[in-house]
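Please look over the sequence and the structure below, and then follow the explanation that leads through them step by step.

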Amino acid sequence: MTIWTPTLDPTLPRYRALAEAIRLDIASGLLKEDERLPPQRRLADALGVTIGTVTRGYAEAERHGLVRARVGSGTYVNAPVSAGPVPDRRFGHALHARPSFGIAAESDDSLSASSGVMDLTMSLPPPHPARQQGMAAALTAISHSPEALVRSVEYQNEFGVGSHRQLLASWMSELGMPVDPEELMLTQGGQNGITLALSALLAPGEAVVTGALTYPGLIAASAERGLKLLRVPLDEEGMDVEALARLCRQQVPRMVYVMAEQNNPGAAQLSHARREALVALARQHDFWILEDGVQYLPREECGTRLYQMAPERTLYVFSTSKLLAGGLRLGVLRAPVEVLSRIGAVLRSHSWMVAPLLMETVCAWLTSGNATQLVDWQVEEMRARQRLARTLLGEWTLSSRPSSFDLWLVLPEGQRSQAVVESLARRGVHVTSAEPFCVGNEPPPQALRLCLSAAENREVLTRALEIVREVLHAPPPLRCTTL
């Protein structure tokens with residue numbers, strides 16, 4: 001049996017060449033709507049590339065609405081959207097003008113906006129020239145410091161430099177997340193923190209409990225490690241802890257994963273009463289809590305964090321990616337001191353250490369850049385975008401936090417999310433259905449996640465949301481199947 005084997009453009013990075021090949025073969029009709037793409041490992045073997053390259057290529061194609069991934073099923077071709085090129089994200093810093101808060105706010109034409117594609121699928125920090133300027137200032141500071149240059153090129157142990165942990169702990173405390181630097185493990189982003197926690201504390205076959213809708217990165221990491229992923233319901237107060245208690249009477253999990261401040265994708269915040277009940281259950285049944293705090297909210301929008309309530313059994317994941325720059329893959333995993341050596345051993349086996357230059361860059365940014373001002377701007381920008389979204393889409397059921405990146409939109413009765421996603425994609429607006437976030441085999445809710453932060457500016461976001469409103473007012477017809 002032959003499989004689809006594209007020819008990759010040698011002038012492009014291989015993962016982008018694969019996304020481009022998918023686009024061209026959809027446009028030519030070689031790839032048909034609803035056709036399943038080859039399994040990643042088989043295509044990697046056929047093309048002579050790594051499986052990671054195929055994974056990134058499929059993800060790049062999905063970002064632009066060319067394909068859709070179904071958890072546990074595969075990647076499927078969407079209907080053709082346009083004959084235009086796949087938007088080039090190599091220069092993702094291209095921005096419209098922003099308030100400068102004392103920093104020169106240069107303006108460039110937005111490549112994705114000019115292509116007609118408005119991608120609201122990725123939970124990205126809102127664009128601002130200050131991100132590039134902060135990076136430039138940090139790299140300049142390193143280049144002028146002989147000590148920093150030496151640290152940047154030398155091997156380090158898996159725990160890194162103590163002064164880096166101290167600085168990050170100080171910054172987290174400033175942001176409302178007080179931590180002890182001795183409890184910190186530096187990681188290669190939030191996803192790496194999740195992976196390290198699962199790998200260090202769970203054995204294959206052990207159970208992880210999460211909400212019925214959860215972060216797809218947890219789903220993927222659990223599957224890769226042979227863990228049993230169990231679901232409990234969610235409501236407006238977050239994870240249903242009473243349902244978790246009933247589950248514990250049947251099968252005690254090894255770990256519970258929770259996004260207490262805002263569930264991704266539904267935005268529910270765990271109530272204080274449920275936080276107390278969850279901590280009590282963890283102590284009663286001796287399971288770990290993995291608290292994901294990557295989706296940052298300012299302290300006035302947060303409750304008491306679980307790692308503060310149960311420090312002896314809670315691991316906390318944090319990342320700079322949602323605050324400074326998505327390309328800065330530097331995160332923090334806060335854990336009880338007694339398990340840090342186990343986590344460090346896993347990090348050492350995976351990658352030996354976090355890249356010293358990465359750590360130096362982030363720490364130089366925090367000390368010589370515009371980090372605090374940038375975070376303050378981002379909070380206000382997202383509050384403005386959330387208000388805009390509620391003005392334009394307020395007639396439907398919406399869930400979000402005041403300054404969160406995302407908006408959860410429950411579709412009116414009778415509308416199907418996949419049909420709406422496809423209709424929006426044909427008009428150049430890409431959003432995500434509930435399907436990638438679903439745990440287990442129950443049907444996904446008919447809802448959409450809109451990443452308001454991903455739009456280049458409020459003008460582009462307004463255009464996208466107006467199209468969403470138009471499509472919801474004139475929904476696509478349901479497809480009929482003849483038996």
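Predicted model: local features only at pLDDT ≥ 70, side-chain atom pairs only at ≥ 80, totals over all residues.

Helices and strands are named here as DSSP runs, a helix having at least four residues and a strand at least two, and both are numbered from the N terminus. With this naming, Pro311 has its place in the loop between α12 (306-309) and β11 (314-319).

Leaving aside residues up to four places away in sequence, Pro311 touches Arg334 and Pro336. The C-alpha atoms of Pro311 and Ala335 are 7.8 Å apart in space, although 24 residues separate the two in sequence.

The protein chain holds 17 helices and 17 strands, and 57% of its 483 residues count as buried. Among the contacts with a separation of 6 or more, 72% are accounted for by residues 24 or more positions apart. The chain exposes about 20,500 Å², of which carbon and sulfur atoms supply 53%.

Together with helix α9 (residues 216-224), β5 and β6 make a right-handed β-α-β unit.

The next topic is the pairing of charged side chains. Side chains of opposite charge can pair when their charged atoms come close. In this model the count comes to 21 salt bridges, and one of them is formed by Glu158 with Arg348, whose closest N and O atoms are 3.0 Å apart. Because Glu158 lies in the loop between α6 (146-153) and α7 (162-174) while Arg348 lies in helix α13 (residues 337-351), this pair ties together parts that are 190 residues apart in sequence. Glu158 counts as buried at 15% relative accessibility, whereas Arg348, at 35%, counts as partly exposed.

Another salt bridge brings together the side chains of Arg383 and Glu301, with 2.9 Å from N to O. Arg383 belongs to helix α15 (residues 371-393) and Glu301 to the loop between β10 (288-292) and α12, so this pair ties together parts that are 82 residues apart in sequence. Arg383 is buried, with a relative accessible area of 18%, and Glu301 is buried too, with a relative accessible area of 9%.

Where do Glu459 and Arg463 lie? Both lie in helix α17 (residues 458-473), 4 residues apart, which is about one turn of the helix. Glu459 counts as exposed at 53% relative accessibility, while Arg463, with a relative accessible area of 34%, is partly exposed. Elsewhere, salt bridges that share partners join Arg283, Asp286, Glu312 and Arg313 into one network.

Technical notes
Residues numbered from 1 in each chain as written. Heavy atoms only, no water. Buried < 20%, exposed > 50% of the residue type's maximum accessible area, 1.4 Å probe, protein only. Contact = heavy atoms within 4.5 Å. Areas by Shrake-Rupley, 256 points an atom, 1.4 Å probe, with all protein chains shown as cover. Right-handed = clockwise from strand over helix to strand, strands pointing away. Salt bridge = Lys/Arg side-chain N within 4 Å of Asp/Glu carboxyl O.
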